[in-house]
Amino acid sequence: MNTPAKLVTYVAGLAVVFGAALGVGSAVGEVGAPPKATAPSESAGPASAGHGESTGHGDKNGGQNSATAKPAQAAAQDTPGGLQVSQNGYTLTPLTATIKAGEPTDFAFTVTAPDGRPVTDFQVQHDKKVHFIVVSRDLTVFQHLHPEEGAGGVWTVKLTLPEAGVYRAYADIFPTGASALTLGTDLFAAGDYAPKALPQVSRTAEVDGYTVTLDGDLTPGKSSKLTLKVSKDGKPVTDLQPYLGAYGHLVALRAGDLAYLHVHPDGEPGDGRTKPGPEITFYAEVPSTGDYRLFLDFQHGGTVRTADFTARAGQAAAPAASPAATPSADPSGSPASDHDSTPHGH
């Protein structure tokens, strides 16, 4: 091929290459330019589903699934109380550094607000502004204490950790202007530590001559009715005395991570329907299967006693059944037979 012909062929090739590049550039758009906003499709559903309201499909515009759109927020909502030292900007701050096993200690702490200042205004819950719960990590030691309020938002409580080891302390509080929450922190008593095995599952507890029996089962994800019956010397106790605004106060802790669960009594003294024993009824909702420790405080004869149980939560509650599918009709217009209908998942 002569020189002029070669030049013509080369120029033609360049035209094809640059033409293709121009086409690609038009299709992709300007390099480095921000993507064009796209109006949401009407069929795409809400931008994000509420807590527990996953839409079950991804964002059609390439975004995250609605179930994972706000993982941090969802995780915070799903976390049981007592597992965090700080929540919603409120922080439990111990002021006492050293605790010796077996020695009474004036344990001091504050709860700081989001602005970093100690909180000085709490709402009363169950007759107290602050409930201070201390348990050993093996869940064999339990104390329900009520600190005294001092100046500047400092709270002090007489605390004795009976043996060396690691303990979990909870501040069950309701700061004015915020929501109720439970903050937790670990406490340490130096010395040789030999953790005990979790007590066996049982429906009967003995304490100071009293027998307390537990009726009811824990079902994960569902409010479970628990009835505790108090007797002494084989006779039902029918004159329980109010304690913390009820005839009993129940604390539930999950074995393993010691998650603190709010348990609500059914009724209260003086409401015209709640009897002072022998039965005390509570409603509890546990988040998972597994073992839980239950601690019941009740008052009789002017003394508060604690009965403890290990309970096991079984299978999670089954989700609500979906609406029954409409039976399809056969070509003749008659309803389909029963054996042809769509299963409903029961």
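Isoleucine 280 sits in strand 17, which covers residues 279–284. Keep in mind that what you're looking at is a predicted model. Isoleucine 280 has a relative accessibility of 5%, so it counts as buried, the cut-off being under 20%. What does isoleucine 280 touch, leaving aside residues up to four places away in sequence? The list runs through Leu226, Thr227, Leu228, Val230, Leu240, Tyr247, Gly248, Leu296 and Phe298. Then there's proline 265: it is 15 residues from isoleucine 280 along the chain, and the two C-alpha atoms are separated by 7.6 Å.

Threonine 112 is another buried residue, at 16% relative accessibility. You'll find threonine 112 in strand 3, residues 105–112. Setting aside residues up to four places away in sequence, threonine 112 touches Gly89, Tyr90, Thr91, Thr93, Arg117, Pro118 and Val119.

Is glycine 302 buried or exposed? With 54% relative accessibility, glycine 302 counts as exposed, because the cut-off for that is over 50%. Glycine 302 belongs to the loop between strand 18 (290–300) and strand 19 (303–313).

Now for the charged pairs. Side chains of opposite charge can pair when their charged atoms come close. How many salt bridges does the structure hold? There are 12 salt bridges, including the ones in this table.

| Salt bridge | N to O distance |
|---|---|
| Arginine 137 and aspartate 186 | 3.0 Å |
| Aspartate 217 and arginine 203 | 2.3 Å |
| Aspartate 308 and arginine 293 | 2.8 Å |

Start with the pair of arginine 137 and aspartate 186, whose side chains meet in a salt bridge. This pair links distant parts of the chain, 49 residues apart: arginine 137 is in the loop between strand 4 (131–136) and strand 5 (142–145), while aspartate 186 is in strand 9 (residues 181–189). Arginine 137 counts as partly exposed at 27% relative accessibility, and aspartate 186 is partly exposed too, with a relative accessible area of 26%.

Next come aspartate 217 and arginine 203, joined by their side chains in a salt bridge. Again the pair links distant parts of the chain, here 14 residues apart, with aspartate 217 in the loop between strand 11 (210–215) and strand 12 (224–232) and arginine 203 in the loop between strand 9 and strand 10 (204–207). Arginine 203 has a relative accessible area of 39%, which makes it partly exposed.

Finally, look at the salt bridge between the side chains of aspartate 308 and arginine 293. Because aspartate 308 lies in strand 19 and arginine 293 in strand 18, the pair ties together parts that are 15 residues apart in sequence. Aspartate 308 is partly exposed at 34% relative accessibility, whereas arginine 293, at 2%, is buried. Salt bridges with shared partners also join Arg137, Arg168 and Asp186 into one network.

That brings us back to strand 9, which is mostly covered: seven of its nine residues are buried. Which way do strand 8 and strand 9 pair? Strand 8 (residues 165–173) and strand 9 run in the antiparallel sense, paired over nine bridges. For alanine 169, the bridge partner in strand 9 is threonine 185.

Definitions and conventions:
Residues are numbered from 1 along each chain as its sequence is written. This is a predicted model: local features need pLDDT of at least 70, side-chain atom pairs count only at pLDDT 80 or more; totals for chains, interfaces and linings use all residues. Side-chain values use heavy atoms; hydrogens and water are left out. Helices (H or I, at least four residues) and strands (E, at least two) are DSSP runs, numbered from the N terminus. Buried means under 20% relative accessible area, exposed over 50%, partly exposed in between (1.4 Å probe, protein chains only). A salt bridge is a side-chain nitrogen of Lys or Arg within 4 Å of a carboxyl oxygen of Asp or Glu. Contact means heavy atoms within 4.5 Å. Two strands pair if DSSP finds at least two bridges between them.
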